[in-house]
Structure formats: C-alpha cells, structure tokens
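Welcome! Take a moment to look over the chain below, and then we will walk through it together, from one residue out to the whole fold.

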Amino acid sequence: MLHDPDRHEPLAALPWDEGRARATIERIVADTVARFDPVHGCWPTHPLDRHEDDRADAVATTLYDGAAGVVWALGYLHAVGAVAARPAVPIECDRLLQINRAWHDEFGATGLASWLMGQTPIHMMALAASPNAGTEAALEALIEGNIANPARELMWGSPGTLLAALFLFERTGRARWAELFRATAQQLRSELEWSEAHRCAYWRQHLYGRESTYLDAVHGFVATALPLIRGRHLLDAAQWEAWRATIVETISRTADREGDQANWRPQLEAPTATQKRLVQFCHGSPGFVICLGAFPGTELDPLLLAAGETVWSAGPLAKGSNLCHGTGGNGYAFLKLHGRSGDPRWLERARAFAMHGIAQTERDARRYGQGRYSLWTGDPGFAIYLWDCLRAEGQFPTLDVFFAGGAGAGYDGSGPE
C-alpha cells in the first residue's frame, strides 16, 4: 500500500452543492475579518499552528501560516470575484515587515528572503499597492542575495525567490526580473548532484541544521521543478531541454508504483523502510501532480494519472481541510488532472473532496472554538480551493498565481486609510 490509512478518513457521501460552497466562502471570509486583532495586527493563532517555542503574544506574519497569507487570501478572493464586498482590515505591509524581521532576528534566522516565511512576498504585496523604486530595490536585493542559499527548496531557499522573480516579470515585463530568474536557475543547475543508485539528479538541502534529499512539493525536487516549468519561456531552447530531461528522469525513476497507483517517498537517500507513506501536498503524490501540472507534452501523464489514483484511493486527510497537509490541497491534484485531461471524473472527485472539506472545516471550528486563520494551513486557503472547484480551474494559491488585480497588495489594493 502506498499510503498510511491512519492518516486518512472515509470520504463523506455528500453531493456537490454549489450554494453551500459559496456560503462557506462567505462564512470563512466574514469570520476571518471579524477575528482580526487591530491592536496586534494579526489573527488568533490556531492551536495546530502554535509552536513550542512561540511566546503567548507571538504574531505570525508569514505567507505560509501568518498574517501576510491571510491578507493575500482575502485580497485574492475579492479580486477574482469570489466575494463581492472588499474585506476591510487595517493592516500595513510596513507593519508586517517590521514584525517579520523581529521574528527572524529573535531566532537568529537568515531567511529574510524566504518565499513562505520571509519578506519577499510582503514586499511584492506592497509593490502591487504602490509601485516605487525603493520596494523594487528591496526585492532585487532579497532575490539576488538568496541565489546561493544552501536550503535549495521552495520555503526558504532560492527556488522560492526563483518563483518570485517569475511573478515579478509577469507583472512588470521588466528585464531585471528575467535576469534574476535565469541567474537563479543557472545556480540551481550547478548544484545538482547525481545518484548512481537511483540514476537521477537531485538536490541536497541544508535546512534546520540538517542535511536532506527531499523530493517533495515544499522542501524538495518537484517544488523546484514548478517555477522552472512555468518560467521555461525565459530560458533558451537548450537550457529548457536540459531541464525537461532532468525533470522527467528524476520524477520517473523515484516513483514507487503499485498497480494503477504511484507515490513518492519524502527523501531520495533515506532508507525506504524508514520513510512515512504520506499522501498530502507537502509530501507525496498530490504535490507532484500539482507542481507538474503545467509540464508540457504527455510524457509524464501516465505517472500523473497514477498519482491521482493514489490520492483518490487514500481519501481525505484526517488533518483537516487545509492546503499543505489537508483535504483541500489533495483536491487540487484532481483539478490539475481535470485541466490536463478534460476528464470530468477528476472534477467530480475534486468537488467530492470540497464537500468533505466543508464538513471538516465546520467540525474543526466547533472543536477548537475558532477558525484557522492562515493561507497554507487554514480556512482562507480552503476558501480559495472552493472557489476553484466552483469555476473548475486549479490555480494553487501563491504557486500558480500571486498577482490578481489588486490581490497581491492587500484587501483593496490601496492600503489602509
């Protein structure tokens, strides 16, 4: 078996209900706005997002599980038409940057450029709200200074700022962002290692004081493949062909297959027997389908379809409805496969997970007495998944899309009054 049944729960037999999906989006947005703390500029930290070393008054600011992600999510939902009214919460990017820097300083971290934990996306939100040379210069410095980051993964390392450079180029057309994209891609190419045992290339991550060889969609190989695939038009033909061959080789040779299913272990070099059988965005087949969703051609399609069958067979995750390690994130794999194949069963499966996730969100709110206010681990991210199920498209937030109208800038694109 390619998954651990104890990490999943049976799929609820709930028919797709567009009205309930829309009502849940509205409920999540209204609750999120109502629970904003204007004194501290944040939202209540959910018990599942609280770390052992967090102070009682700690303010989470990150795109991943903090205020920046909530700001982005609420702005995005309005910009794409998922909610009519502009969610108005008085919070400034400058304030987020100040608190985020203090958090990094407190723990001696050197990841200010981090895509999911640092300042790069906050500056990008500020740039969308009010384009200016100072913010652009700050972004250039962050992205350029992160090129040789030994983390070599999406959350903290250069793959995250590779993605940022791509979003900025798409937003502005400015040549400097394309140059930084190519420079980062070249550095990552030079850092690839070769595994004789697995006959494929991989990256070694130096992260959290450890050395790892992750393959996954947050810390590993396939997460780095995503911005390279999306930004291949910025590479010359020979460069992209080299990347294409490397991606196909590594993805194909590291897959574990059983019957019509496929999954990937978290790390390349760790003994297979010691690794968890995970099926969630951050580790396992859902993240591979999502990150490879825009891969050109059909060469990987049989493997991606097999990965989708694993996600369906495993069922919804017991951890809740969130994107990173929950039912909503897994559902995005179905939306990607629907987009690639046009097969309606994948959309049906995505919507089945959406209905189950709605029930999970309601159940968890009753259990904990609050919502989970974060983009990647909480309710606002799941609301975006519901919207994508309604429109039958799969644009994973902050990986496939960042700027959407004024969404990247804050709630109404104009900053606080």
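This is a predicted model: local features need pLDDT of at least 70, side-chain atom pairs count only at pLDDT 80 or more; totals for chains, interfaces and linings use all residues.

Two residues are in contact when heavy atoms of theirs lie within 4.5 Å. Which residues is Trp376 in contact with, leaving aside its neighbours within four places in sequence? Its partners include Leu63, Tyr64, Leu116 and Val218, along with Phe281, Asn322, Leu323 and Cys324. Phe396, Pro397, Thr398 and Leu399 are also among them.

Trp376 belongs to the largest nonpolar core, a set of 127 residues. Together with Ile25, Trp115, Ile251 and Tyr385, Trp376 is one of the residues that touch the most other members. The element that gives the most to this core is helix α2 (residues 67–79), with nine residues. In soluble globular proteins, nonpolar side chains tend to be buried together.

Now step back to the whole chain. Its secondary structure comes to 14 helices and six strands. The radius of gyration is 20 Å, close to the 22 Å that the globule rule gives for 417 residues, so the chain is as compact as a globular protein of that length. Here are some further values for the chain:

| Property of the chain | Value |
|---|---|
| Span of the C-alpha trace along its principal axes | about 55 × 50 × 40 Å |
| Residues that count as buried | 60% of 417 residues |

Among contacts between residues at least 6 apart in sequence, 71% join residues at least 24 apart. Finally, the chain carries 38 positive and 49 negative side chains, and the centres of these two sets lie 2 Å apart.

Notes. Residues are numbered from 1 along each chain as its sequence is written. Side-chain values use heavy atoms; hydrogens and water are left out. A nonpolar core is a set of buried Ala, Val, Leu, Ile, Met, Phe, Trp, Tyr and Cys residues joined through side-chain atoms within 4.5 Å. Buried means under 20% relative accessible area, exposed over 50%, partly exposed in between (1.4 Å probe, protein chains only). Helices (H or I, at least four residues) and strands (E, at least two) are DSSP runs, numbered from the N terminus. The radius of gyration is taken over C-alpha atoms; the globule rule is 2.2 Å times the number of residues to the power 0.38. Lys and Arg count as positive and Asp and Glu as negative; His and the chain ends are not counted. The place of a charge is taken as NZ of Lys, CZ of Arg, CG of Asp or CD of Glu.
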